[in-house]
Amino acid sequence: MKWISGAGIRLENERSRALHAPLTELPASKRLIVPVCPEADADLWQIAPDGRRLSAFSAAAVCADRGCAVSLPAGGVAAGRAVLPLPGRGSWLCLYINTDAATSVPHTLTRPSRQQPNRESVLRTAEAAGIVDEVDGVPLADKLRRFGEAGIELLACDAVCDDPYNTDSLCALMENGGDITDGLALAARACSDHRAPETVIVTARAADAGFAAARRLRAQLGNRLLNVNGKYPLWPNLRQHAPFAGRMFGRVGAQACLRLNRAVRLHHPPERCIVTVSGTAVRHPRNFSVLLGTPIADVLAQCALHQQGYRLVAVRSALCGNAVADPARTPVTQDTRCILAMAELPPRETVCVACGRCAAACPVGVFPYAALHSAERDEWNKVDFYGADRCIGCGACAAVCPANIPLADRLQHPPKPQALGLWKDRRD
């Protein structure tokens, strides 16, 4: 297979504004929204009744059939439940918690062990903690099991942030580089007890944080750090770099590594996440440490917005993120990497003019407009012929489309290896 040389798009870079501002830790909101499960699975869960006082890290909901629980990031009182639309996930049953500073000391998952964790103990801890990889929203334990079955040779920590606004992973790496490195080593151990894969931490344009910060990061991580440059999206082109050429590799998010390290070493479930708040409606973009379950509206209330306010809020990514219907009823979750408040609505969709820009921008050689036209005519035998099965959902095609057609969303197929972060060199 031939790969298109130089594919991708160049984006206006807004990252440095957020990186130059200090990380701010937001206090707990008066009410948290804790996602429990998809609406279809609601009957399988036992949920804390209204009025019950719960401690931080205690179980607010338990699923006996699956042997898992949902832990609270902060203590409070159960105050009802509702089925809410979560961006990109559909309808979920959520629990309202009125936070209370007077709650008892936080629980831990289990008693900390002095023994060196093995593969199964790391996987069990990741599953018990409910750690979700912020890169793709997949449970971390599921990804690591799949990597182990595939026998990957290299495990990469994704701190790339090649989106024009998003800087959460790079900020997390600068703040907690040692913990993330330890978490990456634990993730590699969870892939195999006998021969763990090599590890590398990948960033993009680290100099956006300032040359002094980039030098400190390099001094701290040394040869474990790979800083790359190029067009968006960067991940498909990593095969050009020496550590990745000709090797099967997997990737995990920087914040997922941080949560795994804290779950294994401190036995704490996920409590906070780093979120970039940016967009055309935000005066001073910056990174916030936000308690999980905090309504997005409460996060935006802590930001300096332009006088006209915002007309659209999206989460995760500027190119392939999801619009938020109601910021007051949408919580921050583990994969809420970025909150974009936009002062204007996106242009309306028009008719495809077959200009070919989407094919030129695609990093994996898909012909999006041809595949979409074939799908609209029910010619499914041609859809994969034009490469739709290789679509990675990066959104580069939609970003350059003059008709504003969401091509990537319409070309996505059922889960495939790439959907779980598994990659293999396919240039031959």
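Visitor: In which strand is T276 found?

Guide: T276 belongs to strand β13, residues 272-278; helices (H or I, at least four residues) and strands (E, at least two) are DSSP runs, numbered from the N terminus. This is a predicted model, in which local features need pLDDT of at least 70 and side-chain atom pairs count only at pLDDT 80 or more, while totals for chains, interfaces and linings use all residues. Residues are numbered from 1 along each chain as its sequence is written, and side-chain values use heavy atoms, with hydrogens and water left out.

Visitor: Is T276 buried or exposed?

Guide: Buried means under 20% relative accessible area, exposed over 50%, and partly exposed in between (1.4 Å probe, protein chains only). T276 has 0% relative accessibility and therefore counts as buried.

Visitor: Which residues does T276 touch?

Guide: Contact means heavy atoms within 4.5 Å. Not counting residues up to four places away in sequence, T276 touches several residues, among them A18, Y165, R286 and C338. T167 and D168 also belong to its contacts. A polar atom of the T276 side chain lies 3.1 Å from the backbone nitrogen of T167, and the backbone nitrogen of D168 lies 3.1 Å from a polar atom of that side chain.

Visitor: How many disulfides does the structure hold?

Guide: A disulfide is a covalent bond between the sulfur atoms of two cysteines. The criterion here is a pair of cysteine sulfur atoms within 2.5 Å. The structure holds 0 disulfides. For C273, which is in no disulfide, the nearest cysteine sulfur is that of C338, 11 Å away. C273 is buried, with a relative accessible area of 2%. C394 is likewise in no disulfide; its nearest cysteine sulfur, that of C362, is 6.2 Å away. C394 counts as buried at 13% relative accessibility.

Visitor: In what order do the 4 strands of the open sheet lie?

Guide: Strands of a sheet pair through backbone hydrogen bonds, either parallel or antiparallel. Two strands pair if DSSP finds at least two bridges between them. The order is β2-β8-β7-β4, with antiparallel pairing. β2 (31-38) and β4 (53-54) are the edge strands, each pairing on one side only. Strand β7 (residues 76-86) pairs with β8 (residues 90-99) over 9 bridges, and V77 has N98 in β8 as its bridge partner.

Visitor: What is the order of the open sheet of 3 strands?

Guide: That order is β3-β5-β6, again antiparallel. Strand β5 (residues 59-63) is joined to β6 by 4 bridges, and A59 stands opposite S71 in β6.

Key: A polar contact is a pair of N or O atoms within 3.5 Å; within protein, one must be able to donate a hydrogen and the other to accept it, and residues adjacent in sequence count only if both atoms are side-chain atoms.
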